[in-house]
There are 2 protein chains.
Amino acid sequence: MGAGTDGLMTPALLVDRGRLAANVAEMAERTAARGVALRPHVKTSKSLDVARAQLAAGAIGFTCSTPAEVRLLQDAGIGGLVWAHQPVGPAKLAFAVAAARRGGLTVTVDSVEVAAPLGEALAEAGTSLPVLIEVDTGLGRTGADPGDVLALAEALTRWPALRLCGVLTHEGQLYAHAGDRAGLERAGRRAGEVMAGLGERLRAAGHPAGIVSVGSTPGATSTPFVPGVTETRAGTYVYYDANQVALGSVPLERCALTVLATVVSTRRRGTAIIDAGLKAMSSDRSVTGEGFGAVLAPTPGGGPLDGVAFTAANEEHGFLTGPGTARLTVGDRVRIVPNHACTTVNMWSEAQVLDGAEVVARWRISARH
Amino acid sequence: MGAGTDGLMTPALLVDRGRLAANVAEMAERTAARGVALRPHVKTSKSLDVARAQLAAGAIGFTCSTPAEVRLLQDAGIGGLVWAHQPVGPAKLAFAVAAARRGGLTVTVDSVEVAAPLGEALAEAGTSLPVLIEVDTGLGRTGADPGDVLALAEALTRWPALRLCGVLTHEGQLYAHAGDRAGLERAGRRAGEVMAGLGERLRAAGHPAGIVSVGSTPGATSTPFVPGVTETRAGTYVYYDANQVALGSVPLERCALTVLATVVSTRRRGTAIIDAGLKAMSSDRSVTGEGFGAVLAPTPGGGPLDGVAFTAANEEHGFLTGPGTARLTVGDRVRIVPNHACTTVNMWSEAQVLDGAEVVARWRISARH
């Protein structure tokens, strides 16, 4: 059937299909067992092949960050979409109106400044959209302050084209808890409690709040399981990555995504130069502050290379350093588990899909800027 | 004719066509006036539109980092190509053989380990390639040690399919001289002197070394103008960027590339959240270690926004901070001069080309991984 990886041009993006399937199944089962809906973030894979596997495992739809991601899924006939970014500006308002007519999309707002133009544009077009209020549970990015949510829900009633259906948060503050899984899970539960409490308060005040949505992969063992939370939007879990390992989400053996690279120079003692750099890995540093990913043996399924760290990178060159580089020679291959699967996938137009050691498919990566 | 930028979906990648044309012309004139050939690196623009403008201004060909870049230019009928990365591994050897048959490509080697398989693959295929020896003049990445170049040239005579034609370096060590232009130019001249000396020594020993090639944008005022250097391979100069400003290559007003973004939240005092994050800018930090680029007024040609810094980013969100953010409201737009034009361009499939305030074209960005 498929060939091995030897003939692949490097660098190459590899997906371990078995690990991916296990990750997809495990998250689907864990959430289903607790009665929590799963609406995964499509930004991690940007792949219809992965999205269809998630749907088959029970996902109720997808979370999107950009109009291009929404369009990718809508064009494939996939609904249940939440656009988890503020729809601001003429082009995004026009996009929201068009998407409202197609159906299957829920949008998020976090302020009257965002809501007013949207409510007016939808009304003018004679259409409407379901809306979630985004809440800031500690990341300090977008989202309304929890104390302002009730007043915002009240204000939204001015625009009947905005049909409030609940609240949403991204508990990205959990990424600050590398090396402190217990603290991470406490912070994850706190975020869930804030959200569940807001759902209750909204309903008590007569506002519809059937959806209480949380979402992050490090939080996926804690936040969604606070009573009152109805869904999670984790994304990175399909592949996991070195950051998730550092955050205690999974062990390294669960990571399904690697970059295959070739050693091109070993002239300097203690250093091996590879042909994977920033344009293969992304420039994302580790949550621990160091390096560009975990260096593994080239064999699919192979473990870490002892004494070899990926410490620096230029655009198309990576610097492996450490005593273990003495065992590497020009032409050798390594695989790298990236720090951040989402930004690494985003560097690539396609992934090479492996079943064991065989390349069995190529998956297109879509909706990049 | 064209519309303004108001209707553009944000984030968007903008090219100021007038500034680009001025940058292309200025580098071509400066090198031509000193009798130095210009073989620009295509990695910065990844655009045939930009490449054709460079050719029209007198470029003798292009430098490429990947097979995809070589193929893009070969398919467009453009020759004079140097592939400035080591061709290691079966797929790259096969690519080199195929490219040799098409013609117009020069490759680089820096060791016998790289040269031997290439020389053998070419001989077996009954073809040959012109070859430059890559030299490490201080970056500590790939390239032979200057002291080893003569011996390597001697060794290369074992493979007649490798037709030595000179030496090449990337003086990337100059990027360590932010805020020290005089030191940068001294280091740039030193790199040029090393290369010119190697060219002389090779010729004195009977080796062909008609090409003495250097290349970097910060070094483009010093390294190529050392007597004996024959060509420069600068790339970033077409757009310049915030790093080049920090390195003293040009003032901010020369930068031709910006990312247009929309403010989506101003809830937190001293902060404005925009819809351009790591997937619009790349994660590349500044050579000064801080931030994701220089924040400008939205009007094409507009200057810096006082008291506004781009200090943090997530995938599709940017964090602007500082007292100047008090003047920003939801829906406002800003433009960002990226830290590193090459990695930012690489995030995009197309650029919106502006003539003054009008969007007059869209240029395709090709050959991304």
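In this predicted model, helix H6 of chain B spans residues 149–156, and its buried residues are Val149(B), Leu152(B), Ala153(B), Ala155(B) and Leu156(B). These residues cover an arc of only 160 degrees around the axis, and therefore lie on the same side of H6(B). The elements of chain B against which they pack are strand E5 (105–109), helix H5 (112–124), strand E6 (129–134), strand E7 (162–168) and helix H7 (181–204).

Chain A may be read in the corresponding way. Within its helix H6 (residues 149–156), Val149(A), Leu152(A), Ala153(A), Ala155(A) and Leu156(A) are buried. Their arc around the axis is only 160 degrees, which places them on the same side of H6(A).

For helix H3 (residues 67–75) and helix H4 (residues 90–102) of chain A, the axes come within 11 Å and cross at roughly 20 degrees. Because angles under 35 degrees count as roughly parallel, H3(A) and H4(A) are roughly parallel to each other. The crossing of H3(A) with H4(A) is left-handed. On the H3(A) side, the contact is formed by Pro67(A), Val70(A), Arg71(A), Gln74(A) and Asp75(A), while H4(A) contributes Lys92(A), Phe95(A), Ala99(A) and Arg102(A).

Definitions and conventions. Residues numbered from 1 in each chain as written. Chains lettered and ligands numbered in written order. Predicted model: local features only at pLDDT ≥ 70, side-chain atom pairs only at ≥ 80, totals over all residues. Heavy atoms only, no water. Axes fitted to C-alpha atoms, helices over the stretch in contact; angles between N-to-C directions. Helix = DSSP H or I, 4+ residues; strand = E, 2+ residues; numbered from the N terminus. Parallel < 35°, antiparallel > 145°, perpendicular 65-115°, else oblique. Left-handed = near helix turned anticlockwise from the far one by under 90°. Contact = heavy atoms within 4.5 Å. Buried < 20%, exposed > 50% of the residue type's maximum accessible area, 1.4 Å probe, protein only. Arc of directions from axis to C-beta.
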